[in-house]
Amino acid sequence: MKYILGVNVGHDAGVALLCDDLLIEAINEERFSRQKGHRGIPYLSVNYIKEKYKISNFDKVVTVSANGKYKTALFSIDKNINLRKRRKQKYFASVLFYKIGLTELYDEVRGFYKYFRGFILHRKISLILGELFPGTPIINLNHHDSHAWTALAFTDDRDGRFIITLDGEGDGESGSISSFQNNKLVRLATTDKKSSLGILYSKVTQLLAMRENEHEFKVMGMAPYARQGSDREPLEYFRKILRVNRKTLSLSSNFDMKFAHLDMLVQNFLNYRFDELALAIQNFTEETVLELLSETINTYDCKKISVSGGVFMNIKMNQRLLETLDLEDFQVTPSCGDESLAIGAAYYGFHATNGFTPRRINDLYLGTEYNNNDIFKCISSIQNQKVSITFFDENLKIEKEIARLLSVGEIVARFNGRMEWGARGLGNRSILANPSIFGIVQKINDSIKCRDFWMPFAPSILLEDSVKYLYNERGYFSPYMALGFHTKLSEQSSMQAAIHPSDKTCRPQMVSYENNSKYYNLIKYFKEITGESVILNTSFNLHGEPIVESPLDAVKTFINSDLKYLAIGDYLLTKVDQVLSGEYQ
């Protein structure tokens, strides 16, 4: 057996492991460190891989660590560095230079400093990785090439495929167009970082008093609440500063988006409502990416396209692309932000070694797993603390009991099987509820998730019944919550808590027996009781925390929230009183 490890160094750090031509493990460092979007070198993930598979030396290690990320990798070593304070200092310096009319000087000085610092940090990172993987060949992969290889990992039909990537920035680029022909990935076009659509969206997110590189999905969720047409003026402003260059098949801007100053945006958008700005940037993003893909199709006569990179985490934009573009095959890479880079790195490493591509990825259950013995060791310590514990054997399946509880309006956290890789809970580390009860949204928000009131949850639907609830004329299989869909009016009441309250769209997880048999059976039992084969699914975590990884994480989240039920392995934990005490507090 040959082991190839992909490693993402920087924010959303993580690893992915190929054994021969099969991806057997993928995990992000935040699940172990409990630091959301963990920045740095994924030490804990690497050590977990080494211990689980008894690997002393990998056959090859492929890293993705663009110059812009070297500083974040080192921050994980020096715990005394205050990232938030550094960002504030950088912002106020940029505003000061903007006010006194020396913006160009500031950009030049800062650009030179970043180049010099990147060179020094590159040397330091190389030394650190050499110590982490002694005697192992280590190669570094370009950021956007890694996004492209990740896209290829999720399809069998690769030859003749075009891959479009768009994100904030990596290795000085914010986008690329490549083709996979004759078993080779060939770069056709590049968008540099100064014309970054992802950065522009992030700047607007920051302007709306939300965190950039984290809360962009909240802006997307806010957009449908605005009155249609109210975004006309800010939309025209966005069109002036960023556009599609049809000759080069790239994006072009009048100035460097990387150094765009928030103060400038404030002056231009001071008189517009927050929802109007959200609608404007959402509509601008959709029309810009649609134009870029349309021009690519016209130029190269594309029939098959895959998309990857953080911009394509925008499920409403993906919905518009699917509905508009005339393609034989359109694939959205699941959880395609920088958390996916390690997968692309591993796939490239295999291809570079063997000359052909590994097998496609068929599901995302690629993380840690705990058996009933592991779980019992954890939960036994909370017995007699106003928590009752019930064990369900094979004859009395726990999935049936979860379905029964959901049918009567209870909320149940579920921890079962291998942990999902990526940003979404896909049933194994999820909080579940009955989507026909609209009031359950506020209950989950107030007592467990603390999500913003305008944000919808997602439905898990049996694959064969999805046509009952969704308009899906092309029969698109969407198992990873990567696309939005319109819902059918006749079924909206049965899933009202899991769709957008304003435009009635949803980002479904279509569940097949082959992908997750136990979760599939749970929904099927719910259907037998209620007649509906759809349940509400949201990731199992408290607000601002990563999704739970271990039984201890699950129990801590259970006790430190108003959750009443936790189905963990084959055990059902039930709070008999909401007042708890002990080591889990």
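A nonpolar core, as meant here, is a set of buried Ala, Val, Leu, Ile, Met, Phe, Trp, Tyr and Cys residues joined through side-chain atoms within 4.5 Å. Keep in mind that this is a predicted model.

With that in hand, the largest nonpolar core comes to 67 residues, and those with the most contacts inside it are Phe-238, Val-289, Leu-293, Ile-305, Phe-312, Leu-321 and Phe-330. Helix α11 (residues 274-300) gives this core its largest share, 11 residues. Apart from this core lies another one, of 32 residues, including Ile-4, Val-62, Ala-153 and Ala-458.

Zooming in on Val-289: leaving aside residues up to four places away in sequence, Val-289 touches Leu-166, Leu-197, Val-311, Phe-312, Met-317 and Leu-321.

Now for the rings. The structure has 15 aromatic pairs, and here are two of them.

| Pair | Centre to centre | Angle between planes | Geometry |
|---|---|---|---|
| Phe-58 and Phe-133 | 5.9 Å | 75 degrees | edge-to-face |
| Phe-391 and Tyr-571 | 5.0 Å | 55 degrees | tilted |

Phe-58 sits in the loop between α2 (43-53) and β6 (60-64) and Phe-133 in the loop between α5 (103-132) and β7 (138-140), so their pair ties together parts 75 residues apart in sequence. Both Phe-58 and Phe-133 are buried.

The other pair links distant parts of the chain, with Phe-391 in strand β15 (residues 387-391) and Tyr-571 in strand β24 (residues 571-575), 180 residues apart. Phe-391 is partly exposed, at 44% relative accessible area, whereas Tyr-571 is buried, at 11%.

Elsewhere, ring pairs join Trp-149, Phe-180 and Tyr-348 into a cluster.

Arg-429 lies over the face of Phe-415, 3.8 Å from the ring centre, and the charged end of Lys-488 sits over the ring of Tyr-471, 5.7 Å from its centre.

How values were computed:
Residues numbered from 1 in each chain as written. Predicted model: local features only at pLDDT ≥ 70, side-chain atom pairs only at ≥ 80, totals over all residues. Heavy atoms only, no water. Buried < 20%, exposed > 50% of the residue type's maximum accessible area, 1.4 Å probe, protein only. Helix = DSSP H or I, 4+ residues; strand = E, 2+ residues; numbered from the N terminus. Contact = heavy atoms within 4.5 Å. Phe/Tyr/Trp six-rings, centres within 6.5 Å; stacked < 30°, edge-to-face > 60°. Lys NZ or Arg CZ within 6 Å of the ring centre and 35° of its normal.
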